[in-house]
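Student: I am new to this structure and would like to go through it slowly, one question at a time. Could we begin once it is on display?

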Amino acid sequence: MAPTTALERLGEVKRPERDAKAYRRIRLKNGIEALLISDATLCGVDDENASEGEASEGSVMSEDGEGSDAGEEESAGGGMKLAACSVAFDVGYFADSVECEGLSHFLEHMVFMGSEAFPGENYFGEWLNEHWGSDNAMTDSENTVFYFECNPTNLREALDIFSGFFLSPLIKLDSVDREVTAVESEFERVVNNDSVRFELLLSSLARDGHPFGKFGWGNRASLTQSAPYKEGRLRDVLLEHWRRHYHAKRMSIAIVGAEDLDTLESWMVDIFGKMRADGDDAIDLEKTQPSPYADVVPIRVLTTQVKDGQTVSITHELPAWTQKNYKFKSAAYIETLLGHEGHGSLFAELKRRGWASDLRAGVGAGGIDSCSAGALFGTSISLTDEGLERVDDVIELFFAYINMLRTVGPQEWFWNEIKRLSEIDFRFREPEDAAEYTERLVADIRKFAPEDVLCGPDVYEAYKPDEIREIIDLMTPQRAIVVVQRHEWTGEGEGVEFEQWINFPFKKETITPSVLESWTKADAGDRLHYPAPNPYIASDFRIRTSLGDHGDALFSPSIVHECDVMRIWHRLDDRFLQPRSCLYFQVTLPNIPDGAFGMMLVQLFVAMCEDSVNESIYYPAHLAGMEVEICASASYSGFILTLEGLSDKLGELAISYFKTLTSLKIDPERFEKRKEERLRDIHNLCLNPARHATRSLEVLLKNKDATQDDKARALQAMTANDLQAFVDAIWEQAHVESLMIGNVTKEEACSIGAVVRECLPGAPIAENAWPEMRMATVPTGTHLFSVKAINDDETNSVVCFHFQIGESTWRGRAFVILMQSLMHEKLFDQLRTKETLGYSVSCSFESVHEILGYRVMVESAFHPPSFVSSRIAAFLRSFPEILQGLDDASYEKTRQSVVDDILAEDVNLRDEALRHWAHIVNQKYQFHRGRHVAQIVSEITKQEAADWCRQYIIPCFGVVSNSADMDSPASAPHTRHVMIHVHAKNHPIPEDSGLLSEIGSQHVSSIPPTVKGMGDAYFGVSAEFKKKWSLYPQQGCATVVDELIMPELSSVNRSVVRAGKRLDLDTDALQDKTPSLRSQWASDLQQMRGECGASCACRRTKKPVLPFVLPSK
């Protein structure tokens, strides 16, 4: 269809080779720039009531950087995907007035408070909850982005509501104070973030009057102490800001829908063609502002660091052309070299000398790092203790590397290698989630030529050595901003200044001429050089199969090898047809000591393996598009190795890792450095109070877990000899379970498995030696654990309610998933929007080791945990009645949204792989569980949901009753409830015995007989405590693969899921004996066990597991 006069169609969009979506770049008559994306795969249902909530079938209680469960999100993988739209305005906090800093961020909050056409303050949120949706927004230095996602069948209606926020926002006066509190809460969450502090420090160093000095976050002080607020004209100022900056000529839109491009185009004209175009033009700071740092450099600044450790950052200002000349990637060339970790790199030499544990280099995205004023090229180096003592030498080595680049000069072969890698990455780029996709692209619409809107970040059109030389010549000691961040420095000494908004100390220091001269002449000889050509670049992109027919959406991996030391699950991809694979390995090692010492042995074993392969294997493979991660398993019974990426050399990479893992030799010097690094990680993990709360739950509930303090003590006592003895003994018995999925044939998978088995030096695991993954059983009642925040300066307290539901059954999962979707929007509206308890209010279901739980969490900087707990409890007690008060249509929409969400189609190969992997790791192997759960969800009535809520997630504490009704379920809930309070500095743990009085109960020793349901109250969390509680039995079994229970045909199809029979019993009771409904893989296992040769580890004699003994000291 020819375009109307209301718009102009621009250049044809370049897209990845296997991207089946249709694209169109248009410009509306009023000046709006838009990218239209038609994705026919979003279609999956014609039911007008099909909708979506935010429930996802699975949540993992995993420890960042430590033991890790595989994600237990097991959607069924065969239904609808989401539509999405993002809107960006070319305005951000650089446009804030001096009298009201944070105004742009505040406006971002306020426009969501209803429009003339849809005035309800929470109308869009409630609508999205019923239509499989969510929304959010963010404010940057020169951009403000809003986005939503929803059921694709309801996209047009969502656009009508969404557009009102920009066409005619109400900016309600009665919402001002509540949203000021929201902005304050949002800022309080980041005041202890070292990256935020670093950016505020750079802002404070900028020339007076430069936009870099603006306080973009905003907080209560910047808003309520401003003249507009005091004079009662803040709403008028907000409306004026909206009028000047929120208009068509500064507006960009990216939309993904199931409709064809002509339909999406007509919607753009009908809905956004009315957007006015009479505001201010965007300001190009390159033309209006001089350099923010020209009069400051060279400078050195000492400041604090919240996290344990120390960092040195070296920042250079680059001109704006380095970002605008996007087709040449001259700055990216320098980024790749400075951030390289292979042989001859800066990081490799720093690590060899024992001075650094991490290095990051490049130009950041947005903020003051990349804007129209120019770019800030930063190199951040995490220092060891020795590195801090030699910090001037570290900086000198940095400039030695720059001098090497200057002396050798730009190398065209290396630029071409980066180009080749980028071209391969774009050519075979995988699909993304629609909301993330539009959010990323909308910011690039005006940055790149219309045809390059997708490939702009990957275009390498021409090699420009003169540009590269110019950038290198700008990176001198004389133009450097050097910042040293030290955790141990508390602001002592003369000349200390304090940052305006967080009030952290910093001290400017002069760099002496002699130091500048030594940095200028720095030379490290042949220790620093260009990397060798990358041996991992893929060249074989053949697809091993053709597109399959998955109309029924039932597909799962099959066992292609089974013996006593290895099981291989395999599926040859015939859905996405990319030259990519996912190779996952779970290695079980029973010879691991119990307790914190055993956990830390596994952690250091993993760390030392990473250390040994980083330069020669991991990093070049990473640059070549392969991602590898190795981590301790969540039960500390071994480790998990995952490899994802282009399939050409992925198998070789996996074998290289297994050869390293099974023959690792511990370097004592590197051991001490990794030990030092890991000790810091242990301390820093729980600095975030929300993470502190979840870690406390893990320690309480997981049978094999320990506190951070216990882990730190164990690690401090460990020696390199201990770890080497452990590495030598750990492989005496082993089992590897693998999933190989993607562009890999059965024969290739079996070949990889055969080489892996050759690497195994030991024997199979004895029958009685398999490690168990078990969870503690929470006794009936409420059990309060109060802990102090790790960071003494933390301002956010956290309250976490965890209700233990019990062993995972299909029916149990159905209820807990549905409850999350029914509750989350109403919980947020009540506790965050109306009561302003804090910025972060959430509810979620959990499945850890196949034990179900339900969590409600609130972070608050303003109220003590006891008060927050009382408000959460009040909401939960009222929620069954809220549920019963829902009109039937709203309930059914939300319920159907959960069904749709569970049945949502995998976005890419990785999504499918992780879905299958979850069922392998939980050792139940029911790959179609999501479909069974979806069927049950579709049958749950409103009354059943309310009754389930009363039974499982009503707090026990504070229920006062007469003795006559002591056994009444209505008056005395019998839930299993753990309550974690993390107390920040504003609300310390009460010292008196009336700790629980504000929430309706007292310590167990003095509970009056009329106060029911309260268990114990504790100050602190200990791993020893759970010994008082019993344990659930092991939920899965690695040695037995149960038959796969197939869904009935009716439960496969969306929107007719209610037609199937009820599936409300446990899995074991649903074993259908009809052969047509059962997988036949088990019949092949005996034959597979006979396929291994005499040299396979499975032929070796099984031995009893002997306790690991430390070497004599």
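Predicted model: local features only at pLDDT ≥ 70, side-chain atom pairs only at ≥ 80, totals over all residues.

Student: Why is α30 largely enclosed by the rest of the structure?

Tutor: Helix α30 covers residues 909-921 and has 13 residues, reaching 18 Å from its first C-alpha to its last. A residue counts as buried when its relative accessible area is under 20%. The helix is largely enclosed because the buried residues number 10 of the 13.

Student: Which elements do the buried residues of α16 pack against?

Tutor: Helix α16 spans residues 412-427, and its reach of 22 Å is close to the 22 Å expected at 1.5 Å a residue. Its buried residues include Phe414, Trp415 and Glu417. Those buried residues pack against α12 (330-338), α18 (465-474), α20 (595-623) and β20 (638-646).

Student: How many bridges join strand β9 to β12?

Tutor: Strand β12 covers residues 374-383, and it is largely enclosed by the rest of the structure because 8 of its 10 residues are buried. Strand β10 (residues 356-363) pairs with β12 in the antiparallel sense over 7 bridges, and Gly362 has Gly378 as its bridge partner in β12. Strand β9 (residues 310-318) also runs antiparallel to β12, with Leu318 standing opposite Ala375. The number of bridges joining β9 to β12 is 9.

Student: Which residues have the most contacts inside the largest nonpolar core?

Tutor: The largest nonpolar core has 77 residues, and helix α3 (residues 155-167) gives the most to this core, with 7 residues. This core draws at least three residues from each of domain 1 (21-41 + 83-285) and domain 2 (286-434 + 447-521). Leaving aside residues up to four places away in sequence, Phe148 touches several residues, among them Phe124, Leu128 and Phe162. The residues with the most contacts inside the core are Phe148 and Leu159.

Terms used: Residues numbered from 1 in each chain as written. Heavy atoms only, no water. Helix = DSSP H or I, 4+ residues; strand = E, 2+ residues; numbered from the N terminus. Expected span 1.5 Å × (residues − 1). Buried < 20%, exposed > 50% of the residue type's maximum accessible area, 1.4 Å probe, protein only. Contact = heavy atoms within 4.5 Å. Core = buried A, V, L, I, M, F, W, Y, C linked by side-chain atoms within 4.5 Å. Domains from an automatic or database assignment. Pairing = 2+ DSSP bridges.
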